[in-house]
Amino acid sequence: MAESFLFSIADNVVGKIGSVTLQEIGLAWGVKTELQKLEATLTAIKSVLLDAEEKQWKDRQLRDWLGKLKHVCYDVEDVLDEFRYQALQRQVVSHGSLKTKVLGFFSSSNPLPFSFKMGHRIKEVRERLDGIAADRAQFNLQTCMERAPMVYRETTHSFVLASDVIGRDKDKEKVLELLMNSSDDDERISVIPIVGLGGLGKTTLAKLVYNDPWVVGHFKKRIWVCVSNDFDMKKVIIDIIKSIKTTVEGGSGLGLPNHNDLNMEQAQTLLRRTLGNENFFLVLDDMWNEDRQKWIELRTFLMNGAKGNKIVVTTRCHPVASIMGTVPAYILEGLPHVDCLSVFLKWAFNEGQEKQHPNLVKIGDDIVKKCNGVPLAARTLGSLLFSKFEQRDWLDVRDNDIWKLEQKEGDILPALRLSYEQLPSYLKCCFAYCSIFPKDRVLTNEQLVDMWSAQGLIESSKKKQELDDIGNKYIKEMLSRSFFQDFEDRHYYFTFKMHDLMHDLASFISQTECTVIDCVSQTVSRMVRHVSFSYDLDEKEILSVVGELNDIRTIYFPFVLETSRGEPFLKACISKFKCIKTLDLSGSNFDTLPNSISNLKHLRLLNLMWNKKIKKLPNSVCKLFHLQTLLLQGCEGFENLPKEFGNLISLRQLGITMKQRVLTGIGRLESLRILRIFKCENLEFLLQGTQSLTALRLLVIVCCRSLETLAPSMKQLPSLERLVIFDCERLNSLDGNGEDHVRGLRNLRVLLLGKLPKLEALPEWMRNLTSLDRLVIEECPQLSKRCKKTTGEDWHKISHVSKIYIDGIKTPEN
């Protein structure tokens, strides 16, 4: 059981102690000496942590020591956060320049009791840390340097080109042969299972078949659904419907309705109507369900009257194949060594580069022998060694001690563990945290960066670096190392997934840190700090688990529960988890937050999405000075923001559904980077008067059907880079004062316009948006005609834009 996160925690704490604010606080409150001692101890420990984390696999005592050290480091972090909270509070109370605010904090109004209390707390945690630090001598740890960031390649998309897949041509032809030859039985559905171990490429093979010209031409509807461990009938049905709506009917998927409110009767009726009488090809990827009755029920729902429907199922389990298959399963074997080596070299070198390094290829051949024909292992290790041309780096991988550890059947592949060990420390903790997501969950970069940031896993070393940019860089580096896959560009954000085995690895690494709770009887370590709840637990079951937990930093619900969380759950969280940083209350059913929410001084992310009952927030929520992300989308009864909302000076992202005609109270949010306005039916004006969001980088406006124009709001958004407007039926103009618009939108890079029937033309000032490099237009009939290359009346306004997509088709570049 490995200890993770520790180097990152220690690094963050040292950074906080060294900040100007903490140094001045220490001086003003007479605790500077204690802070200096704390910093010295942590710096000394940090220097040997990388060595300790690598050696812990073979030394239980070392793992126990790291666990104790991590516990006290969390306590140190909490104390420093309380200091910073007081500083933020003083900034809100004080007025004037930042310098004035900081100096006002260290004035004679300093509360002596708080100073004494915090000084005592710092001394207490420092002495505990000193005691644990003294024990490090017994482990003979070496000082290690942090690994430099890897040179990574840009990832493009999830579509699989046959030429990019090595060694699976014969497998593809055999599966296609099964498809073509499988008889249409009386039930009009043929099911072909693909069975194999994790990492062999079952999903890749299914993609090759899915995109084969015969399949594309033969079936009216092609549907792809990832099922994964928890087989929830309604969720599978809804995913099939969504796949048809996006894949078959096209579009970005932005305007798709939320079907989670449907009951089973409504869901299956909608499924049958969506399938129609046309034949379909369905891939059920990563199936684990061994309950035959559930499969029979789903199969019944898929009977649509058409003949020749085909289903391909990928699974690791032979019982699943026997339950579902109408033909014998196709057993996928490991790649031959020569093909596995080709996969490794493809990811270790740029094309043709391997010819310049025959010595490295020879070592690579030895490394690939350890991969046992698993292409994921070969790809991951190849990615690990990409851009490394020193022989010692390759020998370190080939001769690493991890290969010598005893491996039981079903254990995590040593290749993947080795790749994790080679990650820079700032990526290790970010990767391990991903174990709280369900397997096969499609992640967005924005969601993941928000959650990483809330836990302090992303830190800017330079003042001008945006946390979002750093987080996106982390994700792209892990994509290039094959820790993430299935990248898809959605124009203003991107999506990706973790392979099952990578998820297993993350879960293995983070056992003492993160837990997914999927049954009441599950034993949960009291040391766990990040908790994800399965969709099938009701509120009573969840409360029984919550009663056993302490020191929680994350509570996350990946699914909107049918038995939603109410006030008892909320009050339990507020009373028990004083240091919580991420609290997911999406789909809950309470009327309002209690005033005691202000006790969660460490809270960074609060998700209240899809609460149909909540009408307002208490003004006490405005005391959450650390809060970075507040999500209120889908709260259909929500009326307006509290009057002191502008006090949330750390707020970086706001998503909102509300009943007001104009957004008020957000103009003072100087840290706001992302604003999502969703289903604000009465919204007529975006910003009014002197409100200005000077730091806003992304603005998304969806389903605001009273909004007619954005003018004059655009001149009040000088940092805007991405603008998305979708399903606003009355919007008829982007126009306004041309000079003001151009000045206000000079960082604009991405513009997405969709489902805007009354928007018939683009303004002339579009020609002057020289930074704009991507324009997307969907379901805007008049505008689409006017923006056709060369012949369209508005083409001269956008001809300078390098990437233009109209109704899903990319316009050829000039």
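These questions and answers cover salt bridges, aromatic contacts and a cavity in a predicted model.

Q: How many salt bridges does the structure hold?
A: The test is a Lys or Arg side-chain nitrogen within 4 Å of an Asp or Glu carboxyl oxygen. By this rule, the count is 47.

Q: What separates K55 and D51 along helix α3?
A: K55 and D51 form a salt bridge, with the closest N and O atoms 2.9 Å apart. Both residues belong to helix α3, which spans residues 32-55. They are 4 residues apart there, so the separation is about one helical turn.

Q: Is D51 buried or exposed?
A: D51 has a relative accessibility of 9%. The cut-off for buried is under 20%. D51 is therefore buried.

Q: Which class of exposure does R392 fall in?
A: R392 and E390 meet in a salt bridge, 3.6 Å from N to O. E390 has a relative accessible area of 43%, so E390 is partly exposed. R392 has a value of 54%. Exposed means over 50%, and R392 is exposed.

Q: How many residues apart are E466 and R673?
A: E466 forms a salt bridge with R673, the closest N and O atoms being 3.0 Å apart. E466 sits in the loop between α20 (445-454) and α21 (467-480). R673 sits in the loop between β15 (653-656) and β16 (674-678). This pair links distant parts of the chain, 207 residues apart.

Q: Are E466 and R673 buried or exposed?
A: The two side chains are joined by a salt bridge. For burial, the relative accessible area must be under 20%. E466 and R673 are both buried.

Q: Which residues does Q633 contact beyond its neighbours within four places in sequence?
A: Q633 lies in the loop between β14 (629-632) and β15. Its relative accessible area is 10%, so Q633 is buried. Leaving those neighbours aside, the contacts of Q633 are M609, W610, G655, I656, T657, R676 and F678.

Q: How many aromatic pairs are found, and what is the angle between the planes of F533 and F557?
A: The search of the whole structure gives 20 aromatic pairs. One of them is F533 with F557, stacked at 5.0 Å centre to centre. F533 is in strand β10 (residues 530-533), while F557 is in the loop between β11 (554-556) and α24 (567-576). Both rings belong to buried residues, and the angle between their planes is 15°.

Q: Which charged residue sits over the ring of Y210?
A: Y210 is part of one aromatic cluster with W214, F219, W224 and F281. A charged end lies over the Y210 ring, 4.5 Å from its centre. That charged end belongs to R222.

Q: Which ring does the charged end of K428 sit over?
A: The charged end of K428 is 5.6 Å from the ring centre. The ring is that of Y420.

Q: Which element gives the largest share of the lining of the second largest cavity?
A: The structure has 6 cavities of 30 Å³ or more. The largest share, 3 residues, comes from α1.

Q: Which salt-bridge network includes E77 and K581?
A: The network of salt bridges links K16, E77, D81, K581 and R604.

Notes:
Residues are numbered from 1 along each chain as its sequence is written. This is a predicted model: local features need pLDDT of at least 70, side-chain atom pairs count only at pLDDT 80 or more; totals for chains, interfaces and linings use all residues. Side-chain values use heavy atoms; hydrogens and water are left out. Helices (H or I, at least four residues) and strands (E, at least two) are DSSP runs, numbered from the N terminus. Buried means under 20% relative accessible area, exposed over 50%, partly exposed in between (1.4 Å probe, protein chains only). Contact means heavy atoms within 4.5 Å. Rings of Phe, Tyr and Trp (its six-membered ring) pair if their centres lie within 6.5 Å; planes under 30 degrees apart count as stacked, over 60 as edge-to-face and the rest as tilted. A charge sits over a ring if NZ of Lys or CZ of Arg is within 6 Å of the ring centre and within 35 degrees of the ring normal. On a 1 Å grid over the protein atoms alone, a cavity is a set of points where a 1.4 Å probe fits but cannot get out, and a pocket is an open set with protein on both sides within 12 Å along at least five of seven lines; lining residues have an atom within 4 Å of a point. Grid points are joined across faces, edges and corners, and a volume is the space filled by probe spheres set on the points.
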